[in-house]
Number of protein chains: 2
Amino acid sequence: MQSFLEQLRTLVGADAVVEGEALAARASSYWDPAPLRALALVRPRTSAEVSAVLKLCHQHGQSVVTHGGLTGCVDGAVVNERDLVLSLERMTAIEDIDTVGRTATVQAGAVLQTVQDAVAEFGLLFPLDLGARGSCTIGGNVATNAGGISVIRYGMMRELVLGLEAVLADGTVISSLNTMLKNNAGYDLKQLFIGTEGTLGVVTRVVLKLKEAPVSVNTALVALTSFEAVCDLLKSLERTLGGNLSAFEVMWGAYFHAVTEPGWHRPPMSRDHAYYVVLEARGADARADNLQFMTALEQVLEDGMVEDAIIPKSVAERDALWSIREDFEAITAHDPTFLYDVSLPIRHMASYVDEVKSRLQQQWPAGRCYVLGHIGDGNLHLFVSPGEGDRNLHPLADEAVYQPLMPLGGSVSAEHGIGLEKKSWLELSRSTGELALMRLLKRTLDPQTLLNPGKVFDV
Amino acid sequence: MQSFLEQLRTLVGADAVVEGEALAARASSYWDPAPLRALALVRPRTSAEVSAVLKLCHQHGQSVVTHGGLTGCVDGAVVNERDLVLSLERMTAIEDIDTVGRTATVQAGAVLQTVQDAVAEFGLLFPLDLGARGSCTIGGNVATNAGGISVIRYGMMRELVLGLEAVLADGTVISSLNTMLKNNAGYDLKQLFIGTEGTLGVVTRVVLKLKEAPVSVNTALVALTSFEAVCDLLKSLERTLGGNLSAFEVMWGAYFHAVTEPGWHRPPMSRDHAYYVVLEARGADARADNLQFMTALEQVLEDGMVEDAIIPKSVAERDALWSIREDFEAITAHDPTFLYDVSLPIRHMASYVDEVKSRLQQQWPAGRCYVLGHIGDGNLHLFVSPGEGDRNLHPLADEAVYQPLMPLGGSVSAEHGIGLEKKSWLELSRSTGELALMRLLKRTLDPQTLLNPGKVFDV
């Protein structure tokens, strides 16, 4: 009788199975250059091949970890030496772009930026956008319900997926490639595969919702004295800019101060404000949108809601403003720095950040905590640097950041997912009843626990 | 030993159990005045009582049908004499409105319009809107994933629910009352209860996503010569009006002609155009938005995309335009008239309607078919009147309307759901694999088939 690997090679061809040195020549992830160690890596070319591979795994009780762009932040695609890696790197086709219905049907291995660029040629926008756009895949975006910088206007990946095709643990192909905005014919099964981190099935094809591309971009950096003013500003702009507000990115003063230290970014205004916000609005009419943006900004300056404001005068200046928000090497240069991604009701954010800082202060008097976030989405990112060189301090920092979320109904993961990294904290955000229901779903769809085993929760 | 009903009365109090004449004094539904016939109707006051009732039903193998506003169009809440009706009529509280985070937490029995009005007092908008707003409940909106007239801008109910609490068939309360736009901590369990028509659990509380209320409304009625022009117009306005386009309601010429017959609506323009569209845009700046709207309209007139256009000069004139679209008594006065709600890719709509009309024509030469729709959402409504007085013709009409959807990847239900009415057609829109997975979910969450039995599909 043939071994599992022999059968696998027979099934998909030897060139589709990567082993030995070729496997070890691959990095473990985007973040971890260590050689990839696994039983093997298989690269199917079609959904039918994915199905055949999973059927074989099902027969052999073989565990499978699906790989996309490997840019995830929570160890959600980590493998061990007994796992088979299922890579979608050969399934990258953009199968259809419907310019009337505004949909794109793509294979799950397609890179986000490739899809963005392909639809842009037709004057269309696929609005999901995040730093990893050049490496992350649509399948990974689905599996993690990716967020990013445009959520305030366009929603998360879940809201941008109209249909999908997924393969279950036993190899059954579930083809649910709906292309309409409205479809209430029975259960919306795609939800089982969005944000479940590859634990309930392997996403193979996706129908994406597209928008007409906006033509105008207006950007500003503003400074404020209190978090109350930040909330007022958000509310005011949601009203005055209507549907055009596309980014509202808050930086706490300490963050701004740190990334504009000499040698890092040039500060475009005083470094001593309490809060800074990068604003962006996108619309359909360059002249009218600019007028609307400037009028809204003048109003909030006049009302005293905003202390100072800078409007970039060129694309280079705009990029420089954004790089203050997006390029935080000045902070991660401190080793170790632990990155957090939490969400909580906006009204509790100021007191939450104070509470976390005070807990960290007690632990590590020389430590630092830098905060920024997509606050319109309820999402904060925290950088915690204990000021001591020991990565084993991570669990202590976790405690200080996660514990205060519980009484506020906050979440230990806004957009990154749970993976392995946050697994021990999941029950802080979810009730016993919820966890039992998640386990029931997992046991029902993957009774042998073969798909991405050990991730999110233990069965 | 006490009977089931005795135990039920002991559990929630005799006043919470409606039986006999009091039960028969209630109508079967919003549409059907026949007396409600059921084992009894129970009106719990709290989630804990809903849980206790379902636990008791679970012990006794008692079937349960949840009732909200009973305005559904597909016999989704029909009961038989052995079913217990679980009415949420006493759970109508608006528990919290968060003006900073823009959320409302409400009990499932709250009426949609009551919620709309309550948040409007804070300058906020709950954007779901449909004709039944004064009767339908939030719980029913969740269970059916309601759509309506604002989907093109704000999405369906699924996109407007941040969190919910539901009770499972065995009485377990699943509290998943997330209030944040972003929360990727584990599986998104609320999806199990949205659009599953009460077959997987009873929704008891809901966290709704709110928006800042828009201040401007611009409306127009336009006429076009071809469906291609209709598609071009939609695309053009999505671009020029950006995020402001809030309605794009197409009427085929025959529909417009019929509802503007003498004795019905006054025609505001020639009745002989091929297509009519009611347009609406909502924004944040009355003056600028009006300018944007008029400029966009002038452009499409100049381009020849649109043949004629009417701008209402008063609220009364605007209401009159909308009533042409919303009040179709001239059509339903023909008895019988069968109403359909389908979705399909926009690019196939014109040929689909031609195909349906030709099939109907062959069947009933004197019959009529009137079409209108939220085409931006891929959604068409068809009124089919065979021109003969026999309601038993319904299945024949179904065939003519539903069969041509299959090769186009269309759906037999865009927004109304499946209920009992469309059950036999579900497999036309969903694959064998999908149906098997739906049944697996149902058997897992409701192994005794106690919740809304027989609806959507047979287990």
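Predicted model: local features only at pLDDT ≥ 70, side-chain atom pairs only at ≥ 80, totals over all residues.
Residues are numbered from 1 along each chain as its sequence is written, chains are lettered from A and ligands numbered from 1 in the order in which they are written, and side-chain values use heavy atoms, with hydrogens and water left out.

**View 1. Helices α1(A) and α3(A) cross at roughly 160°.**
Helix α1 spans residues 4-12 of chain A and helix α3 residues 47-60, and their axes come within 10 Å. This makes α1(A) roughly antiparallel to α3(A) (an angle over 145 degrees, on a scale from 0 to 180 degrees between N-to-C directions). The crossing is right-handed (the near helix is turned clockwise from the far one by less than a right angle). On the α1(A) side, F4(A), Q7(A), L8(A), L11(A) and V12(A) are in contact (heavy atoms within 4.5 Å) with E49(A), A52(A), V53(A), L56(A), C57(A) and H60(A) of α3(A). The residues of this contact comprise 8 nonpolar, 2 polar and 1 charged.

**View 2. Helices α13(A) and α14(A) cross at roughly 150°.**
The axes of α13 (residues 349-363) and α14 (residues 394-402) of chain A come within 8 Å. The two helices are therefore roughly antiparallel to each other, and their crossing is right-handed. Y352(A), V356(A), R359(A), L360(A) and Q363(A) of α13(A) meet L396(A), A397(A), E399(A), A400(A) and V401(A) of α14(A). By class, this contact has 7 nonpolar, 1 polar and 2 charged residues.

**View 3. Y255(A) and F383(A) form a stacked aromatic pair.**
Over all chains, the structure holds 20 aromatic pairs (ring centres within 6.5 Å; planes under 30 degrees apart count as stacked). In the pair shown, the rings lie 6.4 Å centre to centre, with 25° between the planes. Y255(A) belongs to helix α9 (residues 253-259) of chain A and F383(A) to strand β18 (residues 379-385) of chain A, so the pair ties together parts that are 128 residues apart in sequence.

A rotation of 180° with 0.0 Å of shift along its axis superposes chain B on chain A, with an RMSD of 0.0 Å (least squares on C-alpha atoms of residues with pLDDT of at least 70 in both). In chain B, the C-alpha nearest the axis belongs to G243(B), 2.5 Å from it. Of the interface residues of chain B, 100% are also interface residues in chain A, so the copies meet through the same surface.

Terms used. Helix = DSSP H or I, 4+ residues; strand = E, 2+ residues; numbered from the N terminus. Parallel < 35°, antiparallel > 145°, perpendicular 65-115°, else oblique. Nonpolar A, V, L, I, M, F, W, Y, C, P; charged D, E, K, R; others polar. Phe/Tyr/Trp six-rings, centres within 6.5 Å; stacked < 30°, edge-to-face > 60°.
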